[in-house]
Amino acid sequence: EKFPGHTSADVKIGNNGRSKGYGLVKFSGVAEAQQAIENMNGEEISGRAMVCQFDKIDQAKRKSDDTNEKIRDCKNLKELLELHRDADANRSYLSNYWSRVASFLSNKSECKNIQSNPKLLKPLVKQTLYFSNKLRNPRSLAAIANAIAKISFRTRKSIIDSEKLWKMLENNISEAAKTKTFKSRDCASILWAFAKINRKSTRVFRLMENQVIMNYDTIESQTISNMVWAYAKLRQPSPKLFDAIS
């Protein structure tokens, strides 16, 4: 506050209540901000030299960070889906929403809650189908597949129109595989999801087989185990993958 034109200061705080080590200070004009930078850049606070400069993080990036932090901070499925319902439509957050849905469904009480109020999921499903022709990110496709499989398997009820989502996933995985490289972990997630609900898609399994073989040297043992289980459960032949494993 010793510098004229100072209007606000925002220090970023982490979930542990401690500063993340950066913040944003606003001034009424460029000249006032420049004076503060020249005087404070390099000054020490708690033994650490400060780096003061004009903000280079664009508003979209800051909004994205805030939204993703809100998604992570949701305490239950209802809170998460209400956050999504009230948020602006943006496909860039879909994978994070679906990932959190899947994590919450590991809890039996959350499964019962969504069974009793399935309408909560409808906005997320609707948005996913709306952006279906633009969903080509392997991580997003894996997250959606994983969550839908858990919904179908753990609730034992058709609380969403999953058939449309599965067809969308099959088509989008095929399109994405033409130009993108899937991480082995995403391949395993997709294969697990299809196998968990006994959805035999030869096209998807062959594509994932090819993707895995391209990056076989970096695959973890648990990932290999999950993929072998998926192929075995649906009795899908995979000679190239099994040859690589052996």
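Throughout this passage, a residue is called buried when its relative accessible area is under 20%, exposed when it is over 50%, and partly exposed in between, with a 1.4 Å probe and protein chains only. The model is predicted, and local features are therefore reported only at pLDDT of at least 70 and side-chain atom pairs only at pLDDT 80 or more, while totals for chains, interfaces and linings use all residues. Residues are numbered from 1 along each chain as its sequence is written, and side-chain values use heavy atoms, with hydrogens and water left out.

Helices (H or I, at least four residues) and strands (E, at least two) are DSSP runs, numbered from the N terminus. Two strands are taken as paired if DSSP finds at least two bridges between them. Strand S1 (residues 6-13) and strand S2 (residues 19-27) run antiparallel and are joined by 6 bridges, and Ile13 has Ser19 in S2 as its bridge partner. The hairpin of S1 and S2 has 5 residues between the strands, and within this hairpin Gly17 takes a positive phi near 85 degrees. Ala31 belongs to helix H1 (residues 30-40) and counts as exposed, at 59% relative accessibility. Although Ala31 and Lys134 are 103 residues apart along the chain, a separation of 44 Å is found between their C-alpha atoms.

With contact meaning heavy atoms within 4.5 Å, and not counting residues up to four places away in sequence, Trp98 touches Leu124, Val125, Thr128, Ala143, Ile144, Ala147, Ile148 and Ile151.

In helix H8, Ser174 is buried, with a relative accessible area of 10%, and, not counting residues up to four places away in sequence, Ser174 touches Arg203 and Leu207.

A pair of aromatic rings is described by the distance of the centres and the angle of the planes. Rings of Phe, Tyr and Trp (its six-membered ring) are paired if their centres lie within 6.5 Å, and planes under 30 degrees apart count as stacked, over 60 as edge-to-face and the rest as tilted. A search of the whole structure finds 3 aromatic pairs. In one of them, the ring centres of Tyr130 and Phe131 are 5.1 Å apart and the planes lie at 80 degrees, so the pair is edge-to-face; Tyr130 counts as exposed, at 63% relative accessibility, whereas Phe131 counts as buried, at 11%. The rings of Phe205 and Tyr231 also form an edge-to-face pair, because their centres are 5.0 Å apart and their planes are at 90 degrees. This pair links distant parts of the chain, with Phe205 in helix H10 and Tyr231 in helix H11, 26 residues apart. Phe205 is buried at 1% relative accessibility, and Tyr231 is buried with a relative accessible area of 2%.

A charge is taken to sit over a ring if NZ of Lys or CZ of Arg is within 6 Å of the ring centre and within 35 degrees of the ring normal; the charged end of Lys196 sits over the ring of Phe153, 4.2 Å from its centre.

Most residues other than glycine have a negative phi. Asn198, however, which is found in the loop between H9 and H10, has a positive phi of about 60 degrees although it is not a glycine. Arg235, in the loop between H11 and helix H12 (239-245), has a positive phi near 55 degrees and counts as exposed, at 74% relative accessibility.
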